Amino acid sequence: MSEIQLNELTKVELYELARKYRIKGRTEMGVEDLKKALLNIGQVEIESELFDLGEQNLKVGSSGSRPTSDFGNQIKKEVKEEVKVNKSVYFDGDPLPEWYGENKIVLMPKNAQWAYAYWEITEDKKNEIKNQLNGEGRPIIRVYDITLKEFNGENANSYFDIELPEDVSDWFIGDLSSTAAYVADIGFKTNSGEFVIAARSTSVKMASDSMSTNIDSDWMIVEEYFKKILARSSAGRLENGKWIGGMGASGAMRGSSEEMVSVLIKRLLKDKRIKKGKLLSQMEKELGEISMGMGSSSIGAGSLSVGSLSAGSLSVGSLSVGNINRGSIEKNKGQIEEEEGEIAKKDFWLKVGTELILYGATEPDANVTVMGEKIELNSDGTFSFRYALPNGHYELPVIAVSKDGDDTRQITPIVDRIEK
Amino acid sequence: MSKGYLSMILHAHLPYVRHPEYNDFLEEDWLYEAITETYIPLLNMFEKLTNDNIPWKITMTISGTLMNMLEDDLLKSRYTRHLNKMIEFTEKEVTRLSFQPEFLKVAKHNRDFFRQAKYYFEEKYNTNLLVGFKKFQDQGNLEIIPVTATHGFLPLTKDYEEAVNAQVEMAKIDYMRVFEKEPKGMWLAECAYYPGQDSFLAKHDIRYFLVDSHGILFGDPKPVYGIYSPIYTKNGVAAFGRDIESSEQVWSSEIGYPGDGLYREFHKDAAFDLAYDYVKPYLHEDGVRRNMGIKYYAITDKKADVKKVYDPEAAKNRAKDHANNFIENRERQVEYLSQYMKDRKPIVVSPYDAELYGHWWYEGPDFLEEVFRAAARSDIIGTITPFGYLQETPKNQVVSPAESSWGASGYYDVWMDTTNNHIYRHLHKGAERMIELANLYDNPNDLQKRALNQSARELMMAQTSCWPFIMFTGTMVGYAEKKIRDHLNRLFKLYFDLKENKVDEDWLKEIEYRDNIFPEMEYRVYRSDR
């Protein structure tokens, strides 16, 4: 942490950082002491901090890069690798600053109806605005529809406000119009409607979710032909002129919504420790998030609170916002109930295998065959082989011939393997 | 003369995962598996087709992150170590399965597979597979295009145009370093497009890119030939749209070929079935059982618990049947389309993740090879690269492509989600600071220049779209979070050190060693006047 960085911060922000780094005695410290303590991070031992991912150890997880790779195997327990990482000058997993000390809002596109905004307002700016509003004023986002406009702050086609809880710094904004363009302001608004801006975003153009009606073109083709080409082009992905998506090239193998739900279910089913009732309630919880995306009970028109969504937090929930169709979710739930019976039956299990180890020794320069196949001896003349041993009768002739060919020894172990 | 074209495009990419600070790093396996199961089998296939005089045209992307890993000495030596262990293990398996002929056949197949990988890697290509890919590109059958430098997801960086330009320009610089020619096209990470981003391609003479079907279909004005002909953006860059019909036949886990019962079951790995003391020496240092890539079973029936033993020959024959079926379907598709496209031949563009072939779908490379053999026999369909098509059909409709990606649901949802939205304020701050630095230094001294170039590497490594993707899928999330944090923290330290004029050379040296992507990194790609 450099001095310049720290000088940008207010006392509240410094304290917040100190809390994050668990600096002892922080409640008693003034600005300079806080800075000094923060500057010393990295050189002094502080209370244990690993990757700060909300847990003490970093999960370096299971087997592969893709969601499909760690289920379906006969994993009897969750595979978890725990790597302890020491505080390092090279930042092994250190947290990033919570804020950067500026007044800013950024609006980003998500899909044809949803956008996402994050923002930051400094304490100074907040106080300045509160003073301006005589201590009144609650945080809102004002979203302007500026489609086909050169926006100057006054000429929006329309706008709407979203009231925010005090402590959020980002928001998903829904119910937007496909192909329309928007700008968002973050600011404070009084009960009487007075609004003061803290920051304004750049514009975002929403994605199109249907065919263009514009048929201007340097060259034309007969509309009847076009329909035939179109039917082929969309291969059933267009429904009432809307893109129903659902696959994505990466879909089937990595990350289509259907696949994700099914991966999740399989993973849950594989985890034998999850017992009957618990399984369903966990599914409910995770699938519940999916419907939250659709129902949206949060404050402000069509908006979706980030906080509430991430509370239960499993990625699948969010996948769905606006896209997964309910039919398929319910189908999956049905499947679970169906497969659940099987799990209960399979809870206890036993597997037994047998292997045979054949080993021995002779002169290091002898020629040795096992079941007729020539083998390589270790340098001291020993050998050792391991065989899977299914049911059956086995004869394993081992023949050693001395280097000069004068002497031969044969030993033939005979093994019967049966099971009862 | 064919009536239309099939354009197969394989997107080869892995995030930059290289950790010299650990002796044994789990995620580096992604690269080793992809080399053995996908990249070497592809090279092998190119060679067989060439030797048999089969006409074949294929397009491959190789991302900057993958390209730099394939060239890296540390990873190369670790791959050799991995391969030797696998050969030793598969040899033991051949002995162990002596009493079980069905399994023994698979064990021998596996052993030969790894031995062949070793032969290709060490002897044939002298540990640098890029030499192989370059050779086939120079011979004219393979068209390699770069990917936005570190697979950066451009639409979510739209407010920082310099950073968008840097992803495009650095990709081109690094491509030319390795392949010694100008790239014809560029793969936008995740096929993600936001209006206006084509101007950065135009600026660097990139002639084409690819989008998902609806990127063209929802374009404005309405595209006359749908996705069966490229369109030009206003900046004169061509965009090709993904054909869903052909993609689905291969990709879909439900109706796709890879789900066939004869094919090798990906999800049943011997590492979980064998005696622990026996497999332990071949696992990672922590001794946890994980997939080793040694598999004995066929998919059989997706719902069945009891799986049949895999039969490599039967699977190979099935791949041939599927390839013939695939080409028959394309013939019908092209015949149908050509009735309505009088002034040009339709082009069916089929892009896939390269790792689908071989890694996920073990028989995928056999399938591909047979696709080209079947296409060679066809009077109706030929294979072509996008640039080849543009040369033949240079006149195209002008359409503005729609905002889209090839991710689930077709927009940006996967990368802009409640699981990963928190990273963007930091990534944006990183871009902002990098741009500020690049504009600040006209004539840096050597140390400053190194610090500036390293800052650019750190930002780019943090921008890889795989990190938010991993957060979205919910596996290995800790690692993805760590990557973004480490790279941005390193960039921020360099930013403040540069501004305070106190760059710590020893520290910088260590970071240059760890995050060594793009040897010819040029921080000026971030300048606003670029």
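Reader: Which hand does the crossing of H1(B) and H5(B) have?

Author: Happy to start there! This is a predicted model, in which local features need pLDDT of at least 70 and side-chain atom pairs count only at pLDDT 80 or more, while totals for chains, interfaces and linings use all residues. Residues are numbered from 1 along each chain as its sequence is written, and chains are lettered from A and ligands numbered from 1 in the order in which they are written. A crossing is called left-handed if the near helix is turned anticlockwise from the far one by less than a right angle, and right-handed if clockwise; that of H1(B) and H5(B) is left-handed.

Reader: At what angle do H1(B) and H5(B) pack?

Author: Helices (H or I, at least four residues) and strands (E, at least two) are DSSP runs, numbered from the N terminus. On the H1(B) side the contact (C-beta atoms, placed from the backbone, within 7 Å) is made by Ile35(B), Tyr39(B), Leu43(B) and Phe46(B), and on the H5(B) side by Leu129(B), Gly132(B) and Phe136(B). Axes are lines fitted to C-alpha atoms, for helices over the stretch in contact, with angles from 0 to 180 degrees between N-to-C directions. The axes of H1(B) and H5(B) are 10 Å apart, and the angle is about 35°.

Reader: What does H3(B) reach from its first C-alpha to its last?

Author: H3(B) covers residues 73-96, which makes 24 residues.

Reader: Which strand of chain A do the buried residues of H3(B) pack against?

Author: A residue is buried if 20 or more other C-beta atoms lie within 10 Å of its own, exposed if 12 or fewer, and partly exposed in between, with C-beta atoms placed from the backbone. Among the buried residues of H3(B) are Leu75(B), Tyr79(B), Met86(B) and Phe89(B). In chain B they pack against H1, H2 and H4. In chain A their partner is strand S17 (382-388).

Reader: Is Ser405(B) buried or exposed?

Author: Ser405(B) sits in the loop between H13 and H14 of chain B. Ala192(B) is 213 residues away in sequence, yet the two are 4.0 Å apart in space, C-alpha to C-alpha. Beyond neighbours within four places in sequence, the contacts of Ser405(B) include Glu190(B), Asp212(B) and Tyr411(B). With 32 other C-beta atoms within 10 Å, Ser405(B) is buried.

Reader: How many bridges join S3(A) to S4(A)?

Author: Two strands pair if DSSP finds at least two bridges between them. S3(A) and S4(A) form a hairpin with five residues between them, and Lys104(A) stands opposite Glu120(A). The two strands run antiparallel, and the number of bridges is six.

Reader: How many residues of S3(A) are buried?

Author: Lys104(A), Val106(A) and Met108(A) point one way from the strand. Ile105(A), Leu107(A) and Pro109(A) point the other way. S3(A) is mostly covered, and the buried residues number six of its six.

Reader: What is the bridge partner of Tyr116(A) in S7(A)?

Author: S4(A) also pairs with S7(A), in the antiparallel sense over four bridges. In S7(A), Asp170(A) and Phe172(A) point one way, Trp171(A) and Ile173(A) the other, and all are buried. The partner of Tyr116(A) is Phe172(A).

Reader: How far apart do the C-alpha centres of domain 1 and domain 2 of chain B lie?

Author: Domain bounds come from an automatic or database domain assignment. In chain B it gives domain 1 (4-146 + 183-260 + 302-409) and domain 2 (417-526). Between them, 10 residues of domain 1 are in contact with nine residues of domain 2. Their centres lie 30 Å apart.

Conventions:
The expected span of a helix is 1.5 Å times one less than its number of residues. Two residues are in contact if their C-beta atoms, placed from the backbone, lie within 7 Å.
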